[in-house]
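Here is a protein model to look through together, with one question at a time.

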Amino acid sequence: MSESSRTRIDTPASQVHSGDGDQYNFSLTTLLDPSAFARRRPSRAIAPDELLRLERRFVAPGGLGRARAVLSESRTVLLVGKPGTGRYSAAAKLLWELRRDHGRMQQLDDKSEDHDERPLDPEQVEAEDRLLLDLTETEEESSRRLLEDLPSFRATVLDRRAFLTVALSSEHRHLVPPQLDTFTVPLDRPDPLQVLRKHLLAVQIEPAEAELRNTLLTEHLRRATPAAIAALATEVFRERERGSSAIFAKWRDRALEALAPKSPQVTSTINKLPDRRELALLLTAALLHRARADVVNNAAERMLAALDHPPDEEPLLHRTALTQRLQACGVDVGPDGRVTFAPGYAPAVRDYFWDNYPELREKLPAWVGETVSIHLLDSADQYAFVDRYAEQCLRIGTPGHLITLIEGWSGSWRKRQRMSVAARALSRGVADKRHGGHFRRRIYDWSTTPGLAPPLAHLLVGACAQVMAVDHPDQALTRLLHLARRQGGVVAEDARKELLRLAGRDDRLHRRLLSKLTHGSHTPGAADSRVFLGLCASSRTVGPSGHSLGLLADAGVRRGLVTGWCEALQRLPEEEWSEPLDLWLAQAARETPVGESLLNVLVDSCARYGPTLGRLYPYVRDWSSVTPGGHGLADRFWARCAVSLGITPLTSTKEEPS
């Protein structure tokens with residue numbers, strides 16, 4: 001297990017909200033540390049750098065040639081194999097080989113945490129997309145439903161000239177519908193030694209053949225998964241970087257030693273402890289690895305109190321020195337006063353306690369919640385501490401403990417540090433492959449609850465924008481829309497801003513948001529119209545050049561824009577819709593294809609609801625009269641409205657509305 005730091009993602013600034021009474025300056029930058037949110041996995045829109053990394057390390061499993069032929073012929077292939085066969089990597093590699101000028105390479109969700117959506121939504125498929133569905137760790141019932149829906153989804157894939165690869169566990173091979181049998185290809189495990197060699201070559205380490213012929217290495221590789229082989233290569237690289245030797249054999253042996261199971265050593269150390277109170281010290285040191293020794297001791301005493309252990313009656317100066325107690329636990333104290341373990345030992349200690357003391361799991365959340373507030377614990381120590389605790393909760397299958405802490409930490413706007421660790425914990429939960437769905441469902445439930453505490457609501461906006469949007473953009477979009485609808489003040493503003501930023505990433509998300517605003521099952525309100533106006537002002541709608549119709553060429557988009565303008569002009573005061581309308585009128589005055597289309601949308605919105613004309617025409621007339629280049633726009637607008645409403649032919653003299 002790595003103790004390395006994670007990718008930082010800066011959170012955006014938001015406006016300050018003020019009003020009568022107490023003022024609460026909630027913003028994502030002041031409420032949360034910028035590095036609080038952390039991502040672990042690549043974007044669903046699989047990034048080119050991740051694919052290049054895969055290319056440099058990929059070793060073809062048995063059966064890949066046949067899979068390539070099936071995909072080329074049928075645009076669909078299901079890759080089936082046991083763990084270690086590289087099913088996901090092979091599925092990604094096959095799509096990467098089909099590089100196109102158009103379309104995206106996208107990973108589909110294997111489940112939906114939204115009550116009103118389904119994972120295999122045909123609307124997700126764009127022309128010439130390359131789609132990957134990973135079912136290697138999906139539960140049997142979810143896999144069954146997805147595979148049952150796959151034939152109809154594949155029809156959309158074929159219709160839009162897209163490609164689809166599916167990675168599937170061999171245990172679920174029997175779930176594949178008969179009509180997909182001809183597209184199903186079994187994979188065999190690639191040569192593990194070749195996999196290791198490719199990983200080493202990627203970091204400029206090229207060992208001699210004799211250096212790879214080693215009994216311990218052969219035994220390790222015999223049972224190693226691809227992830228374990230990658231970890232071994234990483235550890236060899238670290239040994240080289242430490243510079244203690246220039247010999248590959250030494251890097252290899254030290255890496256194998258670091259990755260060797262440490263549970264026997266942990267058990268032996270615990271059995272030799274003279275005082276069972278030191279168990280708390282050992283566990284605390286493993287959770288606060290590299291924190292200061294005095295901080296570890298303080299937290300260990302708090303743990304004993306939380307576990308209802310009686311206090312130590314021994315006089316203070318009669319007690320064993322802290323460094324000796326730590327050494328008895330297998331913990332060293334460096335020159336900087338921070339506790340350290342041998343490589344791989346601290347994770348083994350944490351695993352030991354969570355596996356062997358199940359009752360401990362129920363008592364630790366309260367202690368964890370308070371420990372992050374120790375004033376001598378810096379933010380890096382806090383995040384590492386939360387990461388390690390979250391790792392155990394997710395490994396052992398108790399995500400509820402983490403959610404309880406998140407709710408507690410986000411209960412007060414006054415505790416910026418607690419809000420930041422709440423963000424950290426939530427991002428770990430959302431990104432987890434096994435339990436991420438549990439957290440995403442919880443975020444959905446929170447986001448649909450009106451009147452959330454502003455700190456928690458801000459936390460959800462950040463989690464959706466900074467974490468969920470990476471791997472689950474459609475679900476992030478849904479939750480941000482709920483937050484924009486149901487929360488007030490600056491929370492709603494931040495949710496709306498992040499929602500529009502997400503929708504601006506590509507045409508598909510833009511269309512999806514427009515559809516939710518104008519054709520969804522939800523009864524639209526003023527919040528929806530505010531989001532709609534922001535969407536109207538985006539370059540994807542108005543068009544940067546005025547010559548290419550872009551999204552306006554889509555009849556469904558035009559219908560949504562007509563509905564949205566009709567509703568916005570009814571619901572909102574002029575000061576809210578005037579700015580986006582000015583952008584539309586400026587484009588319409590140029591008489592380009594985009595301008596004509598925008599003008600027609602406004603005309604159709606008047607035809608949809610007659611009173612809209614009474615609000616819109618005076619505004620267009622006044623804008624036209626005072627705006628350079630706007631002359632004649634009001635006449636064009638009225639002439640088209642008259643025809644649309646059946647008042648007079650286009651060539652007749654204009655009659656203004658009363």
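Q: Why is Arg 418 called buried?
A: Buried means under 20% relative accessible area. Arg 418 has 19%, so the word applies. This arginine belongs to helix 19, residues 416-431. Beyond its neighbours within four places in sequence, Arg 418 touches Gly 369, Glu 370, Ser 373 and Trp 409.

Q: How do you know that strand 3 is largely enclosed?
A: 6 of the 6 residues of strand 3 are buried, so the rest of the structure largely encloses the strand. Thr 76, Leu 78 and Val 80 point one way, Val 77, Leu 79 and Gly 81 point the other way, and all are buried.

Q: Why do we say that strand 3 pairs with strand 6?
A: Pairing requires at least two bridges. Strand 3 and strand 6 have 6, in the parallel sense, so they pair. One of the bridges joins Leu 79 to Ala 167 of strand 6.

Q: What makes strand 7 a partner of strand 3 too?
A: The two run parallel and are joined by 3 bridges, and the definition asks for at least two, so they count as paired. Here Leu 79 stands opposite Val 185.

Q: Why are strand 4 and strand 7 said to stand at the edges?
A: The sheet is open, with 5 strands in the order 4-5-6-3-7 and parallel pairing. Strand 4 (105-108) and strand 7 (184-186) each have a single partner strand, so one side of each has no neighbour in the sheet. From one strand to the next, the twist averages 20°. For strand 4, the partner is strand 5 (residues 130-135), joined to it by 4 bridges. Gln 107 has Leu 132 as its bridge partner there.

Q: Which strands does helix 4 lie across?
A: Helix 4, residues 87-97, lies across strand 3, strand 4, strand 5 and strand 6, and runs at about 170° to strand 6.

Q: Which residues have the most contacts inside the largest nonpolar core?
A: They are Trp 565 and Phe 637, in a core of 128 residues. Helix 21 (residues 454-471) gives the largest share of this core, 10 residues. The contacts of Trp 565 include Phe 532, Trp 577, Trp 584 and Val 601. Another core, of 43 residues, lies apart from it, with Leu 78, Leu 108, Leu 131 and Val 185 among its members.

Q: How confident is the prediction, and where is the pLDDT below 50?
A: The mean pLDDT is 86, and 88% of the residues reach 70 or more. Over residues 1-30 the pLDDT is below 50, although this stretch has 74 contacts beyond near neighbours in sequence. Residues 650-655 are also below 50, with 9 such contacts. Where pLDDT is low, the predicted coordinates should not be read in detail.

Note on methods. Residues numbered from 1 in each chain as written. Predicted model: local features only at pLDDT ≥ 70, side-chain atom pairs only at ≥ 80, totals over all residues. Heavy atoms only, no water. Axes fitted to C-alpha atoms, helices over the stretch in contact; angles between N-to-C directions. Contact = heavy atoms within 4.5 Å. pLDDT = per-residue confidence, 0-100. Buried < 20%, exposed > 50% of the residue type's maximum accessible area, 1.4 Å probe, protein only. Core = buried A, V, L, I, M, F, W, Y, C linked by side-chain atoms within 4.5 Å.
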